[in-house]
Amino acid sequence: MEDTFKIGTRTFTSRLMVGTGKYPSDEVMVEALRESGAEVVTVAIRRVDFKKPAGSFLGRIDTSRYTLLPNTAACYTADDAVRTARLAREALSTDLVKLEVIGDERTLFPDNEALLEAAKILVREGFTVLPYTNDDPVMARKLEDIGCAAVMPLAAPIGSGLGIRNPYNIRIILESVKVPVIVDAGVGTASDAAIAMELGCDGVLMNTGIAGAKEPVRMARAMRLAVEAGRLAYRAGRIPKRLYATASSPVAGMVGE
Amino acid sequence: MKISVNGRTAEIAEGTTVEGLLKTLGIPLQGIAVELNGEIVPSGEHPRAALKEADSIEIVRMVGGG
């Protein structure tokens, strides 16, 4: 049976979701998206630039191939986030939203209170809400309880590349909620993505880890393989960790026995 | 008459509609969202939505982001 997962009413095969910001060029982005195998790509919503009103960006992304996941990045209040989500729905004809309500400029950590407030409003308005949240199991459960379609705990601060700083919390989140858990933010290299998947996460979302690599296209492939490998290892069931050795070769039948 | 478009003042003809403004500015009619005085104007209403003096318009589209 194919290993798929569902967010709201949508079913996905690829468990790697990627952002579209900070690439050296649109060409590199398009190539990296392809290599990543992602089905979901995040985008931001901003004012039209009158110097380039036609804008090339939308045309670069094959919307028949990718599901667009608009974010509310850089919103610091519930009102701003709700407003941005509504604009995204109008512009992109989608009910999906990656809900971010930022509480602090330096860490870009979420404002829990405002996040819950915005999520409640958007769920009520029929959005499929994927909230970017702390790696806090209590918060994750609250977000599930109010009707979010997934929870997206951070691994580490956005763009930090620090990897999974608290794998134990991620594990507790996985035990606390039934909706998909997607690690969002902080993944720096392939092993970080693999660890997230080995923990049992349903997916990983990243942007800087790929876009900021020296060779984004190569890193996109590395991340795809890491997510696949981590998922397979999780499903296969790892061996327990032991302090002492257990021999791999038979002990009986040695020469000179 | 004067209106505000994305925070900048613009001079437009009386009776200009949202769609008319978009065309004047060379903005594609797809993949954007328009907010008029804080309320979204659905794309289907762009041809009919007439602008008036001192209106405040926001026009957004998607850009690269995480």
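Two strands are taken as paired if DSSP finds at least two bridges between them. The exercises below apply this to a predicted model.

**Exercise 1.** State which strands of chain B pair with strand 5 of chain B, and in which direction each pair runs.

*Solution.* Begin with strand 1 of chain B (residues 2-5), which is joined to strand 5 of chain B by two bridges, the two strands running parallel. Within this pairing, B:Ser4 has B:Ser56 of strand 5 as its bridge partner. Turn next to strand 3 of chain B (residues 32-36), which is linked to strand 5 of chain B through five bridges in an antiparallel arrangement. Here the residue of strand 5 that is bridged to B:Ala33 is B:Val60.

**Exercise 2.** Find the strand of chain A that is joined to strand 5 of chain B, and name residues that face each other across the pairing.

*Solution.* The strand in question is strand 4 of chain A, which is connected to strand 5 of chain B (residues 56-64) by five bridges and runs antiparallel to it. Two positions can then be read off: A:Val43 is the bridge partner of B:Gly64, and A:Ala44 stands opposite B:Val63.

**Exercise 3.** Explain why strand 5 of chain B is described as largely enclosed by the rest of the structure.

*Solution.* The cut-off needed is that a residue counts as buried under 20% relative accessible area. Seven of the nine residues of strand 5 of chain B are buried, and the strand is therefore largely enclosed by the rest of the structure.

**Exercise 4.** Describe the contact between chain A and chain B by its residues, its buried area and its polar pairs.

*Solution.* Count the residues to start with: chain A gives 29 residues to the contact and chain B gives 25. The area buried between the two chains is about 2400 Å², and carbon and sulfur atoms give 62% of it. On the side of chain A, the residues that lose the most area to chain B are A:Arg47, A:Phe50 and A:Glu90, which together make up 30% of what that side buries.

Consider the polar pairs next, where 12 residue pairs are found in polar contact across the interface of chain A and chain B, both residues being at pLDDT 80 or more. The elements of chain A that give two or more residues to this side are strand 4 (40-47), helix 2 (57-60) and helix 3 (78-92). By type, the residues of chain A that touch chain B divide into 15 nonpolar, six polar and eight charged.

Finally, two salt bridges are found across this interface. One of them pairs A:Arg83 with B:Glu35, whose closest N and O atoms are 2.4 Å apart.

Technical notes:
Residues numbered from 1 in each chain as written. Chains lettered and ligands numbered in written order. Predicted model: local features only at pLDDT ≥ 70, side-chain atom pairs only at ≥ 80, totals over all residues. Heavy atoms only, no water. Contact = heavy atoms within 4.5 Å. Buried area = accessible area lost by both parts, 1.4 Å probe. Salt bridge = Lys/Arg side-chain N within 4 Å of Asp/Glu carboxyl O. Polar contact = N/O pair within 3.5 Å; in protein donor to acceptor, adjacent residues only side chain to side chain. Helix = DSSP H or I, 4+ residues; strand = E, 2+ residues; numbered from the N terminus. Nonpolar A, V, L, I, M, F, W, Y, C, P; charged D, E, K, R; others polar. Buried < 20%, exposed > 50% of the residue type's maximum accessible area, 1.4 Å probe, protein only.
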